[in-house]
Amino acid sequence: MQTTPSDTTGTVLVIGACGQLGFELTHELRQLYGPANVIAADVRPPKQAELQQEGPFELLDVLDRDRLYALVQQYRPKQIYHLAALLSATAEKDPKFGWKLNMDGLLNVLDAAVEYKVAQVYWPSSIAVFGPDTPRDHTPQLTIMNPNTVYGISKLAGEQWCEWYHKKYGLDVRSLRYPGLIGYKSLPGGGTTDYAVDIYHKAIAGQSYECFLKEDTYLPMMYMPDALKATIDLMHAPADQIKVRSSYNLGAMSFSPAEITASIQRHFPDFEVTYRPDSRQQIADSWPKSIDDSQAERDWGWQPQYNLDKMTDDMLLHLHQPVAAIL
């Protein structure tokens, strides 16, 4: 039996609230807990006006330990959602900063949570923790993990830190290994799976799309409403149901660029896609094709609600609005 939002009182701090996941998760949390109780924070002011209009917003560089501690001391959050990170393709261009942001930022949050007795911490991991020697079909929860990207290396290390803080300090830290996330409220942010966001924007605009992956490259993907549901369900599950303190495998669907193109062409028959693989192809080739998330289903009842065509129908319905109205 899962808890309800009323079981968690006090404030919630969302770090990285301007990102693709952060923006939508902040909105959902404000619907659950009340706008004034969810503090959005990011390193720069939001482009999304509603982040400041709906509730509190604070400027925060998560690498600034003093500023982070001051905000935690000020708001005394019961939950921290730490989402700030440099994503896969972007981190490969600036590996030292990618490691610093992804690692030092997490450790700052974990230390602040221990210091100020924060009840729960959420930190996202990724399918990037797997590597070229990992079984690529139906990738198990426990398996070979030898990531070959800065992003994946930092996420795998982060999983181990989360587990260590739980064992050492009893910190209730929880995590999900997200597949590629697709949503209509944010533009692509530097990830290898971002083609599956950009392709819808091109179709709506009546433009062709040049894909940076091969047409038969299968990757695990998830529609944003499922990602939000999984995150909130995980955080509301009783602690004794959480058996994995590194990070849970999470899956919904797997498809190739050719298949998402065909799904879009049900609505736009003349939509054209060409293929010019770049450096992101090598990253994609080291990642799983599909995910075994049966552990999450057993422990806290995870079930996705969207498949490819259902997602496409909903994406195109919402993207018929001007992008400026969405962001």
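**Ground rules.** I am working on a predicted model, where local features need pLDDT of at least 70, side-chain atom pairs count only at pLDDT 80 or more, and totals for chains, interfaces and linings use all residues. Numbering starts from 1 along each chain as its sequence is written, and side-chain values use heavy atoms, with hydrogens and water left out.

**Entry 1, a three-stranded sheet.** I took helices and strands as DSSP runs numbered from the N terminus (H or I, at least four residues, for helices; E, at least two, for strands). Two strands pair if DSSP finds at least two bridges between them. With that, I looked up an open sheet of three strands, ordered β6-β8-β12 and paired in parallel. Its edge strands are β6 (125-126) and β12 (248-249), each pairing on one side only. Between β6 and β8 (residues 176-178) I found two bridges in the parallel sense. Ser125 stands opposite Arg177 in β8.

Is β11 buried or exposed? My cut-offs: buried is under 20% relative accessible area, exposed over 50%, partly exposed in between, with a 1.4 Å probe and protein chains only. Five of the five residues of β11 (residues 219-223) are buried, so the strand is largely enclosed by the rest of the structure. Both faces are covered, with Leu219, Met221 and Tyr223 buried on one side and Pro220 and Met222 on the other. I then checked its partners. β9 (residues 180-182) pairs with β11 in the parallel sense over three bridges, and Ile182 has Tyr223 as its bridge partner in β11. With β13 (residues 253-255), β11 pairs in the antiparallel sense over three bridges; there Leu219 has Phe255 as its partner.

I tested its length against the expected span, 1.5 Å times one less than the number of residues. The 21 residues of α5 (residues 95-115) should span 30 Å, and the end C-alpha atoms are 30 Å apart, so the two agree. Its buried residues include Leu101, Met103, Leu106, Val109 and Leu110. Just after α5, I noted that Lys117 takes a positive phi of about 55°.

I counted rings of Phe, Tyr and Trp (its six-membered ring) as paired if their centres lie within 6.5 Å; planes under 30 degrees apart are stacked, over 60 edge-to-face, and the rest tilted. The structure holds 12 aromatic pairs. I picked Tyr81 and Tyr122, a tilted pair at 5.8 Å centre to centre and 45° between the planes. Tyr81 lies in β4 (residues 79-82) and Tyr122 in β5 (residues 120-122), so the pair ties together parts 41 residues apart in sequence. Both Tyr81 and Tyr122 are buried. Next came Tyr248 and Trp300, whose ring centres are 5.8 Å apart with planes at 80°, so this pair is edge-to-face. Tyr248 is in β12 and Trp300 in helix α11 (residues 294-300), 52 residues apart. Tyr248 has 0% relative accessibility and counts as buried; Trp300, at 3%, also counts as buried. I also logged one aromatic cluster formed by Trp161, Trp164, Tyr165 and Tyr169.

My criterion was NZ of Lys or CZ of Arg within 6 Å of the ring centre and within 35 degrees of the ring normal. Arg280 lies over the face of Phe212, at 3.5 Å from the ring centre. The charged end of Lys310 sits over the ring of Tyr306, 4.8 Å from its centre.
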